[in-house]
Amino acid sequence: MKLSTLWKMMGGWRFPTTVRMAKMLGETQRASWLAAASKFGVIRALAKGALSLDTLAQQFAPAPEHRAGFAAWLRHGVLLKQLRQHEQTYALRGSMTRRMATDDAYAALVEGMISVQSNGLYKSLERWSAGESLTLADVDAGTVARISNMLTPLVEEVLEANVPADGAHTLLEIGCGNAHYLRHACGANDRLQGHGLELDAAVAETARRQIDAAGLGARIDVTTGDVCDAPLPTDVDTVLLINLLYYLPMTQRAGVLGRLAESLAPGGRVLVAGYCAGGGLGSNILDLWFSAMPETGPLPTTEAITEDLEAAGLSVAPPRQLMPGDPYMLVVGTRSGS
Ligand SMILES: C[S@@+](CC[C@H](N)C(=O)[O-])C[C@H]1O[C@@H](n2cnc3c(N)ncnc32)[C@H](O)[C@@H]1O
């Protein structure tokens, strides 16, 4: 190739943007490769040790007509420096794949770069151009739930600071997922009684199984229902609303916070924790998804949460930012009396 041809192909004096694009290509391919390798179990399989092409193909691409493509897929992992190849055998390479094999929330974050982040940015515009919307059915809910486990230590810290470690206490969690926080609170206070409300029947069933497995069946019950209209327990000391408010359209939020205020015992508190509007790349993706879906709504502002809790008759402490650099906020409303 003549140097002048190479120069033309690189964009001439604009060659730095070609170099940047080539770098981006590598990073995008690495994210896609790692996301697939994690989601479909290749990383887990190789975490136990090196495997031959035959063994891997039997598990991940058993049809003979897929063999050549699968070999090229593995070679891509080698080119991306995520796999090491020795003759026809492959092993994991690098600290990232090893962490993904053992840290599920971290693996979910990498998987989510494709199924949540790329998909959100790409599909939203694709749908809008066609006059359509993203819907809750488009959300990779399993991966989102696994990613939110990254926040577990932080929410546990909030619980430890806000729920007494002894004495009788009733805790209600709305949108309790697998009831991890209710189980954690029961572990910290042996007189605590927990109630969970969960919209998704399958998730609620998993929560009940995990509660029974932890021997907490007599202390925690989980009801399937929608916080907008499900019957709520009364005389509750603490209501938790963690990572949930944006699941509700704007028009329903004041009503829901009002219902939660009514469920409180005198002196009881509603703890609202979650990402609020105005964050960086990670939380703005959440805002994009939840603003884009007709069933849900944008990330809230702390002003709106405060206003709704005050309208429900609660006194509200100044909001606290729980995480440096990102608006993951805690707003606490307290009912008067003791
Ligand atoms: C992001 S998850 C949070 C789970 C848990 N609170 C946590 O932080 O790990 C939100 C949960 O709220 C549930 N949910 C969404 N809308 C709800 C509603 N209207 N009523 C009750 N639960 C709801 C979802 O099914 C999901 O399990």
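**Exercise 1. In this predicted model, describe how helix H7 and helix H13 pack.**

Step 1. Find the two elements: H7 covers residues 104-129, and H13 covers residues 281-292.

Step 2. Take the geometry. The axes of H7 and H13 lie 10 Å apart, at an angle of about 45 degrees.

Step 3. Name the arrangement. Angles under 35 degrees count as roughly parallel and 65 to 115 as roughly perpendicular; H7 and H13 are therefore oblique to each other. Their crossing is left-handed.

Step 4. List the residues. H7 contributes Val116, Gln117, Gly120 and Ser124, while H13 contributes Ile285, Leu288, Trp289 and Ala292.

Step 5. Sort them by class. The contact of H7 with H13 holds five nonpolar and three polar residues, with no charged ones.

**Exercise 2. At what angle do H7 and H8 cross, and how far apart are their axes?**

Step 1. Helix H8 spans residues 141-148. Its axis and that of H7 come within 8 Å, and they cross at roughly 140 degrees.

Step 2. Angles over 145 count as roughly antiparallel. The angle found here makes H7 oblique to H8.

Step 3. The handedness is left-handed for the crossing of H7 with H8.

Step 4. On the H7 side the contact is made by Asp104, Ala105, Ala108, Leu109, Glu111, Gly112, Ser115 and Val116. On the H8 side the residues are Thr143, Val144, Arg146 and Ile147.

Step 5. By class, the contact of H7 with H8 has six nonpolar, three polar and three charged residues.

**Exercise 3. Which residues of H9 meet which residues of H10?**

Step 1. Helix H9 (residues 152-162) packs against helix H10 (residues 180-188) at an angle of about 45 degrees, and their axes are 11 Å apart. That angle makes H9 oblique to H10.

Step 2. The crossing of H9 and H10 is right-handed, whereas that of H7 and H13 is left-handed.

Step 3. From H9 come Thr152, Val155, Glu156, Leu159 and Glu160. They meet His180, Tyr181, His184, Ala185 and Ala188 in H10.

Step 4. The classes in the contact of H9 with H10 are five nonpolar, three polar and two charged residues.

**Exercise 4. How many residues surround the ligand, and which are the closest?**

Step 1. The count is 17 residues around the ligand.

Step 2. The closest are Gly175, Gly177, Leu199, Val227 and Tyr247.

Step 3. The shell around the ligand divides into 10 nonpolar, four polar and three charged residues.

**Exercise 5. State the bounds of domain 1 and domain 2 and what separates their centres.**

Step 1. The domain assignment places domain 1 at 3-101 and domain 2 at 151-279 + 289-334.

Step 2. Taken over C-alpha atoms, the centres of domain 1 and domain 2 are separated by 41 Å.

Conventions. Residues are numbered from 1 along each chain as its sequence is written. This is a predicted model: local features need pLDDT of at least 70, side-chain atom pairs count only at pLDDT 80 or more; totals for chains, interfaces and linings use all residues. Axes are lines fitted to C-alpha atoms, for helices over the stretch in contact, and angles run from 0 to 180 degrees between N-to-C directions. Helices (H or I, at least four residues) and strands (E, at least two) are DSSP runs, numbered from the N terminus. A crossing is left-handed if the near helix is turned anticlockwise from the far one by less than a right angle, and right-handed if clockwise. Two residues are in contact if their C-beta atoms, placed from the backbone, lie within 7 Å. Ala, Val, Leu, Ile, Met, Phe, Trp, Tyr, Cys and Pro count as nonpolar, Asp, Glu, Lys and Arg as charged, and the others, Gly among them, as polar. Domain bounds come from an automatic or database domain assignment. A residue is near a molecule or strand if its C-beta atom, placed from the backbone, lies within 6 Å of it.
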